[in-house]
Amino acid sequence: MRSILRTDPIARDVAALCTATAVVGASFGAIATANGVPFVQIVAMNLFVFAGGSQFLAVGLAGAGATAAAIVVAGLLLNARHLPFGLAIGNETLGRHRFIGSHLMTDESVAFAIAQDDPVRRRRAYWLTGISLYVVWNASSAAGALAGSALGDPSVYGIDAAFPAALLALTLPSLKDAASVRVSLAGAALALIATPFLPAGLPVLVALFGLMFAGKRS
């Protein structure tokens with residue numbers, strides 16, 4: 001295993017990401033339990049939803065007394081970013097298993113995939129990341145739920161910053177031209193401006209308007 005991690009950069013990066021995922025997943029399970037979500041529902045949410053941001057949002061809204069309809073709509077809005085994600089990776093990456101592949105689609109699996117120039121490595125990066133995160137998230141969330149609320153809020157320890165940091169590291173090598181830089185900077189600026197006014201997760205959707213700057217000349 002150690003030799004694989006030393007020689008395979010994709011496996012090494014996925015292993016590091018899974019470590020952070022395990023901590024955040026355990027925290028989610030503990031927080032969901034503290035908010036009164038039954039263990040069976042936590043496990044079902046992990047298996048059939050598998051969307052960390054939406055799951056945290058759903059638990060928070062449920063704890064605040066939101067209706068089921070409001071929770072569903074909020075989750076759909078937050079995951080609307082998967083539409084451009086699907087266009088970015090294309091059918092070539094998902095292959096014949098598009099249904100399963102779409103369920104494994106996360107920010108991280110897409111970022112790992114598009115960071116690869118070779119189609120074969122792109123497919124491998126997507127599936128290795130998606131499957132690994134799915135297994136780790138389900139196992140760690142269940143463990144956290146069983147442990148109760150002892151783990152507390154991951155933001156207290158700064159663990160919640162692990163995913164953005166990993167995504168930033170993966171994105172930087174893709175900024176090879178002026179258009180990509182413009183879109184990235186514009187999207188980041190729009191998301192930062194929207195953050196004080198929108199619920200957590202929705203500023204990511206606002207960042208998509210940065211695509212309007214792709215065709216402008218410097």
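**View A. The left-handed crossing of helix 2 and helix 4**. In this predicted model, the crossing of helix 2 and helix 4 is left-handed, a term used if the near helix is turned anticlockwise from the far one by less than a right angle. The axes of helix 2 (residues 9–34) and helix 4 come within 10 Å and cross at roughly 20°, and the two helices are therefore roughly parallel to each other, the wording for angles under 35 degrees. Axes are lines fitted to C-alpha atoms over the stretch in contact, with angles from 0 to 180 degrees between N-to-C directions; helices are DSSP runs (H or I, at least four residues) numbered from the N terminus.

**View B. Phe 50 in the loop between helix 3 and helix 4**. Phe 50, which lies between helix 3 (39–48) and helix 4 (52–63), has a phi near 45°, a positive value in a residue other than glycine. At 6% relative accessibility Phe 50 counts as buried (under 20% relative accessible area, 1.4 Å probe, protein chains only).

**View C. The lining of the second largest pocket**. Among the 15 residues that line this pocket, those closest to its centre are Val 49, Ser 54, Ala 58, Ile 71 and Val 72. Helix 3, helix 4 and helix 5 (68–78) each give two or more residues to the lining, and helix 4 gives the most, with six.

**Notes.** Residues are numbered from 1 along each chain as its sequence is written. The model is predicted, so that local features need pLDDT of at least 70 and side-chain atom pairs count only at pLDDT 80 or more, while totals for chains, interfaces and linings use all residues, and side-chain values use heavy atoms, with hydrogens and water left out.

Notes:
Buried < 20%, exposed > 50% of the residue type's maximum accessible area, 1.4 Å probe, protein only. 1 Å grid on protein atoms, 1.4 Å probe; cavity = no way out; pocket = protein on both sides within 12 Å on 5 of 7 lines; lining within 4 Å. Parallel < 35°, antiparallel > 145°, perpendicular 65-115°, else oblique.
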